[in-house]
Amino acid sequence: METTLQSATSASRSHTIAPIKRGGFDRYFPTSDERLLEYDIDKLVFEARSPYQKVQICHSKSLGNMLILDELQNMSEADLIYTETLMQRGKENYEGKEIVILGGGDGGLLWELLKENPKHVTMLEIDDVVMKACSQYMRSVCGDCLDKRKTSNYEIIVGDCMKTLTHMIEEGRQFDYVFGDLTDIPISTSPHGDAWDFIRLILNASMKVLKPTGKYMTHGNGTSCPESLTMYEDVLQQLAVPVKFTKDVAFIPSFFENWVFYQVSLK
């Protein structure tokens, strides 16, 4: 026993975790399955608390500026693959199409969609603080599309997206694409609770404004969370109207993991 203890204490390599650095700004953020990652963040670029959430933009040596919402990494300047997989660039044709974005406050999706020559894009985002911060500090992601709220080919409506969606349903408006760029699929033991109720609400409302040939495009969660992804797919099969779906996977640099994206259409 004594020999074993001596060899353990005199080992040249340690497998213990280094102490987490405190003070200044946070460098640690979780993966989708709540493993803790240390980022090479060297500067806090922006910080404010909006009426809805804590908004930060940090600078990472390898990822560039990164948007952090309520202590969760959302988008970095190195994450173009996220947007391109969400919109299925090269697989979907957006030219001349009418599109709605639910959320999308970093402006990345709007900016990339505008490059595809759509007829019109309507973006519904609740948090003006996020948009103003990204328009100043994340311009490689959003370009100049957050500088104006309305142009000939897009409009940004600031407010609760469900209220606008409800008006669209009442007016009988329909779109070629609806993007759900809102909350991730929750990590839970069952598909119940406020977050799941919100997802069902958004999904059912979105199906009502889709053209018969339209698609609902959204992000899911990490591949390390198969149970939650399965629950989401079960929810899709239980919507008010029958749907079918496909999915794609991409490695997202600022998440340090593979992320799942869904393409949902009416049967």
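**Entry 1: the four-stranded sheet**

I began with an open sheet of four strands, ordered β3-β4-β5-β6, and its pairing is antiparallel. I take strands as DSSP runs of E with at least two residues, and helices as DSSP runs of H or I with at least four, both numbered from the N terminus. I call two strands paired if DSSP finds at least two bridges between them.

I looked at the edges next. They are β3 (41-49) and β6 (72-76); each has a single partner strand, so one side of each lacks a neighbour in the sheet. Neighbouring strands here are turned by 25° against each other on average, direction ignored. For such angles I use axes, which are lines fitted to C-alpha atoms (for helices, over the stretch in contact), with angles from 0 to 180 degrees between N-to-C directions.

A note on the source: this is a predicted model, in which local features need pLDDT of at least 70 and side-chain atom pairs count only at pLDDT 80 or more, while totals for chains, interfaces and linings use all residues. Residues are numbered from 1 along each chain as its sequence is written, and side-chain values use heavy atoms, with hydrogens and water left out.

**Entry 2: β5 and its two partners**

I followed β5 (residues 64-69) through its pairings. With β4 (residues 54-60), β5 pairs in the antiparallel sense over six bridges. I found Q56 opposite I68 in β5. Three residues separate β4 and β5, which form a hairpin.

M66 stands opposite S76 in β6. L67 stands opposite M75, also in β6. I noted a hairpin here too, with two residues between β5 and β6. D70 in that turn has a positive phi of about 50°.

I then checked how covered β5 is. Six of its six residues are buried, and I logged β5 as mostly covered. Buried means under 20% relative accessible area, exposed over 50%, and partly exposed in between (1.4 Å probe, protein chains only).

**Entry 3: the seven-stranded sheet**

I moved to an open sheet of seven strands, with the order β9-β8-β7-β10-β11-β13-β12 and mixed pairing. Its edges are β9 (154-158) and β12 (243-252); each has a single partner strand, so one side of each is left without a neighbour in the sheet. The twist averages 15° from one strand to the next.

β7 and β8 (residues 120-125) run parallel and pair over five bridges. In β8, L124 is the bridge partner of L102. Five of the six residues of β7 (residues 98-103) are buried, so β7 is largely enclosed by the rest of the structure.

The second pairing is antiparallel: six bridges join β11 (residues 210-222) to β13 (residues 257-266). There I found M217 opposite Q263 in β13.

A reminder to myself: side chains in a regular strand alternate between the two faces of the sheet.

**Entry 4: two residues of helix α4**

I picked A133, which sits in helix α4. A133 counts as buried, at 2% relative accessibility. Leaving aside neighbours within four places in sequence, A133 is in contact with F46, I57 and M138. Contact means heavy atoms within 4.5 Å.

S135 is buried, with a relative accessible area of 13%. Its contacts are C142, L146 and D147, not counting residues up to four places away in sequence.

**Entry 5: the chain as a whole**

The protein chain has eight helices and 13 strands. Its C-alpha trace spans about 80 × 40 × 35 Å along the principal axes. Of its 267 residues, 46% count as buried. Among contacts between residues at least 6 apart in sequence, 60% join residues at least 24 apart.

The accessible surface comes to about 13,500 Å², and 51% of that belongs to carbon and sulfur atoms. Areas come from the Shrake-Rupley method with a 1.4 Å probe; for residues, only the protein chains shown count as cover.

Last, charge. I recorded 28 positive and 38 negative side chains, with the centres of the two sets 3 Å apart. Lys and Arg count as positive and Asp and Glu as negative, while His and the chain ends are not counted. Each charge is placed at NZ of Lys, CZ of Arg, CG of Asp or CD of Glu.
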